[in-house]
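Here is a short briefing on the sheet in this protein. Please keep the sequence and the 3D view open while you read.

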Amino acid sequence: MEPQIRKPFQPTWLQPYDPANSPGPIPSVVERFRRRPRAEQPQPTEAEIEAARYTVVLMSPEAAETFGDDRGEAGLHLFRDDDWDHYPAHLDDAVKMIEEACGERVTLVEHHSDLTYWTAHLRPEPKPDQAS
């Protein structure tokens, strides 16, 4: 019988970084989360605040029942804050609705929990050398 080498259990935060498991790119974690004097902290624009209020949820028939809806009300649900706002037919429709509300171009970032959902963020401005 060959001896087996067992690796000790490692909590998730201690495991090596795997980009495939990342919820989205953070260019510099140090820059984003370092402590700053309050005056130095960037203040969000009105458009950023408005975009952050929206969440698009992909609702399964079972989840729709859990929410108190009919099974036929499965699909995409657009929420503003914690309130239902609309049933977009496609993610493109959700983006258009959010863009109309905040007056800026937005992008959706996908997340996975008990349901799949997307949060809205303003699109970064292209750098002058990247503009086409």
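In the hairpin of β2 and β3, which residue takes a positive phi? D81 does, with a value near 60°. Two residues lie between the strands of this hairpin. Keep in mind that the model is predicted.

**Sheet layout**
- Five strands form an open sheet in the order β3-β2-β1-β5-β4, with antiparallel pairing.
- β3 and β4 (106-112) each have a single partner strand, so they stand at the edges with one side left without a neighbour in the sheet.
- On average, neighbouring strands of this sheet are turned by 35° against each other, direction ignored.
- Helix α4 (residues 91-102) packs on the sheet and touches β1, β2, β3, β4 and β5.
- The direction of α4 makes about 125° with that of β4.

**Strand pairs**
- Six bridges pair β1 (residues 54-59) with β2 (residues 75-80) in the antiparallel sense.
- In this pair, M59 stands opposite G75 of β2.
- β2 and β3 (residues 83-86) run antiparallel and are joined by three bridges.
- Here L78 stands opposite H86 of β3.
- β4 and β5 also run antiparallel, with seven bridges between them.
- H111 stands opposite Y117 of β5.

**Around T116**
- T116 belongs to strand β5 (residues 116-122).
- The T116 side chain makes a polar contact with the side chain of H112, at 3.4 Å.
- Neighbours within four places in sequence aside, T116 is in contact with V56, V57, L58, E110 and H111.

Key:
Residues are numbered from 1 along each chain as its sequence is written. This is a predicted model: local features need pLDDT of at least 70, side-chain atom pairs count only at pLDDT 80 or more; totals for chains, interfaces and linings use all residues. Side-chain values use heavy atoms; hydrogens and water are left out. Two strands pair if DSSP finds at least two bridges between them. Helices (H or I, at least four residues) and strands (E, at least two) are DSSP runs, numbered from the N terminus. A polar contact is a pair of N or O atoms within 3.5 Å; within protein, one must be able to donate a hydrogen and the other to accept it, and residues adjacent in sequence count only if both atoms are side-chain atoms. Contact means heavy atoms within 4.5 Å. Axes are lines fitted to C-alpha atoms, for helices over the stretch in contact, and angles run from 0 to 180 degrees between N-to-C directions.
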